[in-house]
Structures are given as structure tokens and as C-alpha cells.
Amino acid sequence: MDKKAFKDTALGGLLNNPVFVLVLGICPTIAKSTNIVDAFGLGAATAVVLICSNVLISSLRKVIPDQVRLPAYIIIIAALTTLIRLFLRRFVPVLDESLGAFIPLIAVNCIILGRAEAFASKNKVGYAALDGLSMGLGFLAAICLLGGLRQLLGLAGLSVFVTPAGGFILLGLLLGLFNFLLRLYRNAQKKRAQSHSKEVR
Amino acid sequence: MAIFAAILGIVVASVLTSNIVFSQSVGICPLLGVSKKMDSAVGMGLAVTFVNTLASVVCFLLYKLLIVWDLEYLDILTFILVIAALVQALDIVLKKFSPTLYSALGVYLPLITTNCAIFLTVNMMVSEGYVAMGTGLGLLYTAFYAFAVGIGFLLALVLMAGVRGRDEIALIPKPFRGFPIALIAAGLIALAFSGFLGI
């Protein structure tokens, strides 16, 4: 692996955060972030499915014919979701109960199909695994941030933030904040590049 | 009469009090993606209602079969395949037999395959206990439930399209343009919808 591609892929979860930048997988992010335990559980389960699906799809990328690739990806992701649901039901039944219908919904999470189509189907297994890890952690961080904030605000007496309406509004505010920070970072990087090229001259 | 009252309850609950978008926060991608124009909002809403009703009825019957064969754990795979196949089939049938309907809904059909709203409805049909009822009554409830969820989704898209026309005129700070302000607007509508919980 060369250094730049490695760095780009590893930082993908932050600079191309699936929730805050790509705006994917918003439904489970709002629905299951009313407390930090549910948020962490769903985030971790989604991340595991994402890593496994990226690895599987990347290793099968030369076998799957191009015309039927989307149905093939959907079946792989649905099978992995079934496995994780059976695993949770057996070992963490509390989480299975509180997440309910949102575990099957991992199968239609846009992040997973999006990464399969945009990344795993074009890159080597190692990179695909790294991308899955980075994007999975990015999603986990985002849903935990929202979950923690909503639970804290709820405990502080602002129970409106625990309702779906509060989830929408808080996520909108966080999205705006993230956009603002990303803009600052990009501007700083541009300035540094400019001053660097002046020095070289 | 009891059946009629139960169906009315299901419909009111799915459209208003537990609206799929505003109180279950599912189906947000199309809410943000296709709500810029009223025409496309209505088209997408109708397409989802149609596929939702059809998919739920088919999935209901198939799930009954899965129970007979003791294969309930294959439900995710079955449901997703049914929805994908149904969307494909509908695409072909509409193109052949009803070009007018196809020109209205056709663009939205491929987007529906992995629509969380439909997938959640199909899963809820199991967890709400409609499958546990007898085939006839369960099927009736499932069909009305799925139809009402679709209507609730249509209502949400239309409301959102009405709001989103305005945010292009308003002066919004740059980082908040686009998705963030749309989410905040959706949150405010959802706040209004939580008033229905009093019913």
C-alpha cells in the first residue's frame, strides 16, 4: 500500500463522514440515538456488517458479473445482517429487544450499499477492509455523539430533544457545525499549500 | 363493526400519530432527496404507497410459508428479495401496459428497492402481530396498515415540499444551506406532528 492512498482511506471516516458529510444512513441515526447504549449497539452492529460486506464484496469483485452486481450486493448484505441479528439474539438479547426492527434495517442502510458500490467493488481487499473500518467507526462516532447529546439534554430537562423532532433539529445543527469546521480546515489547508509554494519559489 | 373500528384505528395511527417519517424517523433519504418539487414529491409518495401495499401482501403470504417450514430466520433475505423483484416486475409491467402511470412513477421505482420505509413496514407487519392472526383478517389488516403508512409518507413528502420551496429564498448562513436546514425544517414539522399524540 502506498502511503497517500492509505492515509486517504483511513481518514475517510472523518473527512467523508458518512453521516455528517455524505448524509447517508440518517434514518437509524435519528431513530436509535435517544440513548447512548442503543446508539452504540446499533453503530457497532452496522460497523461490523460494513466491514464484513466490504471484505466479501471486494474479494468477490472479479466473480460477480457487472449486470447483476446490485442484487448480489443486496443479498450479501442481507445475509450478513441475518447473521448479526442471530448473534445479538443469542448473546445480547437486551439489545436485540431495544433495537427491534432497526436490526433488520441494517440491510437497507445506504452507507453499506454505498460503500460496496463506490469503494469495495473497485479496490483490493486490504483497502476495502480499511475503508469499512474507517467508515464504520465514523458512523459509530456520529451516532454515539448524537445519542450522548440527546440523552444528556434529556437528563437536563429538555425532554424535547429525546423526541424524533428534537433528533431532526439536533442533527441539522450538528451537520451545519460540521460543515463549518470542515470549511475552516479546508481553508487552512489551502493557505498552507499557498504559502508553501511561495517558499519553494 | 369491530373490524371496521380496528382498521380505522390502524389508518389514523399510521398516517398521523405514528407517522413513518415524523415520529418513527424512517424514510428520510427520499424526504431530503425528492422534496424539492411538489410534482416529484407526489410521484414518489404514490409509488411508495403502491409498492408498499403490494409488497406487504406478498410478504405476508410468504412469511406464512416460512412459518410452516420453520425458516423464520430467513425473513430479512426473503423480504428484501421480494421487494427488489416486485419493483423490477412493476417496472416492466407498467412500461408495457400503462405508459401514463409509468411516466409518472417510473423514475422513482429504482429508488424504492432499498427504501427503509417499505422495509420497515414489512418488518413491522411481523412485530405488530398481524402475521400471528388468521390469514384472512391478518391480510386485511396488513394491507390497510401498509397503505396507510404509504399515505403518511406521501403526506410527509408533500408537507416537506411545501416548506423547501421557501428556504431557497431565505437568507441562510452558508454552512447550513442544503441538508442541515432541511433537517431542521423537518424537525419543526415533526414537532407539530407530535401534537397528534394527544388524540
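**Stop 1: chain A**

Colour chain A by secondary structure and follow the chain from the N terminus: the elements read α-α-α-α-α-α-α-α-α. That makes nine helices and zero strands, where helices (H or I, at least four residues) and strands (E, at least two) are DSSP runs numbered from the N terminus. The C-alpha atoms of chain A fill a box of roughly 65 × 50 × 25 Å along the principal axes.

Before moving on: this is a predicted model, in which local features need pLDDT of at least 70 and side-chain atom pairs count only at pLDDT 80 or more, while totals for chains, interfaces and linings use all residues. Residues are numbered from 1 along each chain as its sequence is written, chains are lettered from A and ligands numbered from 1 in the order written, and side-chain values use heavy atoms, leaving out hydrogens and water.

**Stop 2: where the chains meet**

Now select what touches across the two chains: 36 residues of chain B are in contact with 35 residues of chain A (heavy atoms within 4.5 Å). About 3,000 Å² is buried between them, with carbon and sulfur atoms giving 83%; buried area is the accessible area (1.4 Å probe) that two parts lose on being put together, summed over both.

**Stop 3: a charged pair**

Which side chains meet in a salt bridge? Pick A:Arg85 and B:Asp75, at 2.6 Å, N to O. On chain B's side, the elements giving two or more residues are helices H2 (28-33), H4 (75-97), H7 (116-127) and H9. H9(B) has the largest share, nine residues.

**Stop 4: a greasy patch**

Stay on H9 of chain B, residues 179-193, and click B:Leu188. Together with A:Leu158, A:Val160 and B:Leu191, B:Leu188 makes a nonpolar surface patch of about 320 Å². Patch residues have over 30% relative accessible area (Shrake-Rupley, 1.4 Å probe) and no salt bridge; nonpolar side chains (Val, Leu, Ile, Met, Phe, Trp, Tyr) are joined within 5 Å, like charges within 9 Å.

Note on methods:
Salt bridge = Lys/Arg side-chain N within 4 Å of Asp/Glu carboxyl O.
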